[in-house]
Amino acid sequence: MFEINAKYKPTGDQPEAIQSIQLKLNKNIKHQCLQGVTGSGKTFTMANVIKDYNKPVLILAHNKTLAAQLYEEFKYFFPNNLVEYFVSYYDYYQPEAYLPATNTYIEKDLSINKEIEKFRISTTTSLLSGRNDVIVIASVSCIYGIGNPMFFKEKTIPIKVGQEYKRKQILNDLIESLYSRTKERMVKRGEIKMTGDILTIYPPNEDINYKIYFWGDEIEEIEEIDIKTKQKKQLQHIQITPANIFITSKKNIESSILKIKNELTNQVNFFIQKGQHNEAKRIEERVNHDIEMLQQVGYCGGVENYSRYLDGRKKGERPFCLMDYFQDNFLLIIDESHVTIPQIKAMYGGDRSRKSTLVEYGFRLPSALDNRPLSFKEFDSIKKQVIYVSATIGDYELTKCKKNITEQLIRPTGLLEPKIIIRKSTNQIDDLINEINTRIEKSERVLVTTLTKKMAEKLSRYLIEAGVKATYIHSDIDTIERIEIMKNLRIGNVDVLIGVNLLREGLDLPEVSLVAIIDADKEGFLRSKKSLIQTIGRAARHINGKSILYADKMTKSIQATIEETNRKREAQELYNSMNNIIPKPLKKKELSQNILTVNNLEKPAISPIIETDTLSDEELKEKIKKIKKLMNDAAINMNFIEATQHRDKMFLLEKKLQERKNN
């Protein structure tokens with residue numbers, strides 16, 4: 001059973017929200033929404049819902065940084081249960097692609113994070129363990145194809161004391177489960193080593209070694225050794241999971257090779273009939289090389305492109321994904337659903353377009369199209385109960401949930417929604433400067449949104465000339481600079497941040513007391529009700545939160561935003577009055593980073609300006625190597641923003657090196 005650990009109890013309208021959601025789950029309602037304001041404790045509400053839910057739970061986030069935050073929170077709430085983390089295991093990933101316009105083939109380039117790979121295998125192991133108290137925090141990468149869960153379960157090896165198990169057989173079984181045999185003194189994760197009568201196994205999902213002691217062909221003793229503490233304990237039985245999620249059987253590989261050969265013949269003939277002899281030669285050479293590797297070692301580069309055959313699927317049949325490892329009718333919680341749902345919808349089309357070009361020009365067989373993420377229709381059809389969580393529920397969720405929407409409007413801190421003030425656009429910049437100066441005197445910060453990048457840059461220059469410490473941010477600003485800008489805003493090196501779209505999830509800036517929206521009456525995506533509510537909400541973490549909308553006419557979006565904001569303010573004011581609560585400011589997060597937190601603002605930001613002209617090619621290569629190591633180390637510790645900074649810097653250096661080669 002789930003056991004929740006918390007120093008506080010549900011408060012505000014959390015108890016009613018928890019009861020409402022649980023009631024709908026018990027009635028087997030398939031889709032429902034939790035619509036809550038920023039700071040109302042939606043995560044704690046969901047933890048309490050899970051507490052009484054006796055089935056595994058999947059919590060879906062739209063990026064791995066947000067997933068890491070949620071993982072840390074739920075590990076705290078459920079220390080005695082299985083809380084798992086499943087995100088893409090690439091530190092960086094350049095997919096294989098072909099650009100016909102320039103005749104450019106881009107080879108797949110990636111760096112796999114072994115630590116995240118450990119978490120992924122731990123996740124599948126927990127889900128197949130039969131326990132109900134499993135919570136998986138995942139990014140949207142969980143809808144990509146992985147191995148057949150039946151194969152994974154079949155290749156899990158039970159070992160117990162007193163068991164007759166020939167040494168040669170156990171080694172063969174482990175190798176079929178994708179373990180590598182080593183003779184090195186130190187056994188690494190996913191490796192095995194036989195020394196005399198002792199078999200050492202380092203499973204991929206735990207920081208332990210198992211030592212299996214043989215007496216002849218009988219297992220005499222099983223010893224578990226903690227990698228970090230070196231503590232030992234005796235066990236009577238263990239389960240050894242496969243070393244990789246993409247597991248299959250030798251028999252399946254043999255039958256797959258026959259099918260691949262048959263498809264290759266058909267595709268070569270197809271190209272020859274169309275007069276595409278280069279494509280025919282290209283696909284023949286590539287696939288024959290892959291077949292040779294599969295026959296020799298059971299693996300090849302890009303093996304996932306043959307997953308349809310290796311999984312035993314039919315043409316067009318959807319791939320197995322993480323959700324296939326869950327029980328039927330599990331609980332799916334989609335966090336920030338207004339962002340996550342559109343992202344899931346877009347993934348299939350983008351993948352299909354890229355792979356279709358590779359097939360058309362002879363880089364891949366047509367069966368590679370079945371190595372893909374789920375389509376949204378396939379994702380939607382999986383049997384589950386869903387809770388959509390967001391401050392601004394999207395149209396899809398509203399259609400699915402109909403009247404099954406639970407609201408959470410009360411902040412335990414008593415903080416109110418920001419006041420909305422409408423002002424004419426005449427002399428709006430002078431008025432804005434006066435408002436900014438008022439905030440600067442109080443050591444508070446300001447966000448300003450414009451409609452275009454050019455306007456953001458122009459306004460930034462104007463404010464700087466007026467003596468204001470201002471800067472701008474938009475999509476052309478790379479990751480390194482964005483992190484630096486956020487840090488400078490929080491510590492006071494910048495007082496005003498200007499942007500086109502400041503709605504990025506995870507933009508937690510409690511120092512911001514004013515949000516100013518230029519051209520608020522220009523109805524459209526950036527000035528819709530949802531966008532206005534989200535933008536105004538950036539000032540909701542400050543006790544003096546206010547939003548000024550510069551507009552010459554009252555649009556439907558502005559009117560709806562004012563009405564919704566006033567409704568939320570009235571609900572909070574009533575609660576504060578009834579409970580004698582005086583609004584108090586949020587405790588500001590420290591500018592530091594734990595293993596799984598997002599803000600890494602205490603450390604000096606990495607400068608995007610890289611002096612390379614004085615470096616030789618060899619020195620440049622060495623610098624790239626060092627930065628890559630820093631990137632890998634940061635990713636292992638799940639400091640993803642820091643890892644991204646190093647990655648961007650590495651890409652700049654690699655680009656510089658390539659330019660030198662071309663010249």
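How many of the 663 residues in the protein chain are buried? Buried residues make up 52% of them. Keep in mind that this is a predicted model. The chain holds 19 helices and 25 strands. Its radius of gyration is 28 Å, close to the 26 Å that the globule rule gives for 663 residues, so the chain is as compact as a globular protein of that length.

**Overall build**

- Along its principal axes, the C-alpha trace spans about 85 × 65 × 50 Å.
- Looking at contacts with a separation of 6 or more, 75% of them are accounted for by residues 24 or more positions apart.

**Helix pair α7 and α8**

- Two packed helices are described by the angle between their axes and the distance between the axes.
- For α7 (residues 250-273) and α8 (residues 277-297), the angle is about 170 degrees and the axes are 9 Å apart.
- That angle is over 145 degrees, which makes α7 roughly antiparallel to α8.
- On the α7 side, the contact uses Ile 253, Ile 257, Ile 260, Lys 261, Leu 264, Val 268, Phe 271 and Ile 272.
- Across from them, α8 brings in His 277, Glu 279, Ala 280, Ile 283, Glu 284, Val 287, Asn 288, Ile 291, Leu 294 and Gln 295.
- Sorted by class, the contact of α7 with α8 comes to twelve nonpolar, three polar and three charged residues.

**Helix pair α13 and α14**

- Helix α13 (residues 428-441) packs on helix α14 (residues 453-465) at an angle of about 60 degrees, and their axes are 12 Å apart.
- From α13, the residues in contact are Ile 429, Asp 430, Leu 432, Ile 433 and Ile 436, and they meet Leu 459, Tyr 462 and Leu 463 in α14.
- The residues of this contact split into seven nonpolar, no polar and one charged.

- The axes of α16 (residues 529-536) and α17 come within 9 Å and cross at roughly 45 degrees.
- These two helices are therefore oblique to each other as well, and α16 passes α17 in a right-handed crossing.
- Lys 529, Leu 532, Ile 533 and Ile 536 make the contact from α16, while Ser 557, Ile 558, Ala 560, Thr 561, Glu 564 and Lys 568 make it from α17.
- By class, that gives five nonpolar, two polar and three charged residues.
- Glu 564 sits in α17, which covers residues 556-578.
- Is Glu 564 buried or exposed? With a relative accessibility of 14%, Glu 564 counts as buried.
- Leaving out residues up to four places away in sequence, Glu 564 touches Glu 407, Lys 529 and Ile 533.
- Glu 564 and Thr 65 are 499 residues apart along the chain, and their C-alpha atoms are separated by 30 Å.

**Strand residue Leu 235**

- Leu 235 belongs to strand β15 (residues 232-235).
- A relative accessible area of 18% is under the 20% cut-off, so Leu 235 is buried.
- Which residues does Leu 235 touch, not counting residues up to four places away in sequence? They are Val 161, Tyr 210, Ile 222 and Glu 224.
- From Leu 235 to Ala 6 there are 229 residues in sequence and 33 Å in space, C-alpha to C-alpha.

- Leu 178 has a phi near 70 degrees, a positive value in a residue other than glycine.
- You'll find Leu 178 in the loop between α6 (167-176) and β10 (180-181).
- Its relative accessibility is 36%, so Leu 178 counts as partly exposed.
- Asn 329 also has a positive phi without being a glycine, with a value near 60 degrees.
- The loop that holds Asn 329 runs between α9 (307-311) and β17 (330-335).
- Asn 329 is buried, since its relative accessible area is 9%.

Notes. Residues numbered from 1 in each chain as written. Predicted model: local features only at pLDDT ≥ 70, side-chain atom pairs only at ≥ 80, totals over all residues. Heavy atoms only, no water. Axes fitted to C-alpha atoms, helices over the stretch in contact; angles between N-to-C directions. Helix = DSSP H or I, 4+ residues; strand = E, 2+ residues; numbered from the N terminus. Contact = heavy atoms within 4.5 Å. Nonpolar A, V, L, I, M, F, W, Y, C, P; charged D, E, K, R; others polar. Rg over C-alpha atoms; globule rule 2.2 N^0.38 Å. Buried < 20%, exposed > 50% of the residue type's maximum accessible area, 1.4 Å probe, protein only. Parallel < 35°, antiparallel > 145°, perpendicular 65-115°, else oblique. Left-handed = near helix turned anticlockwise from the far one by under 90°.
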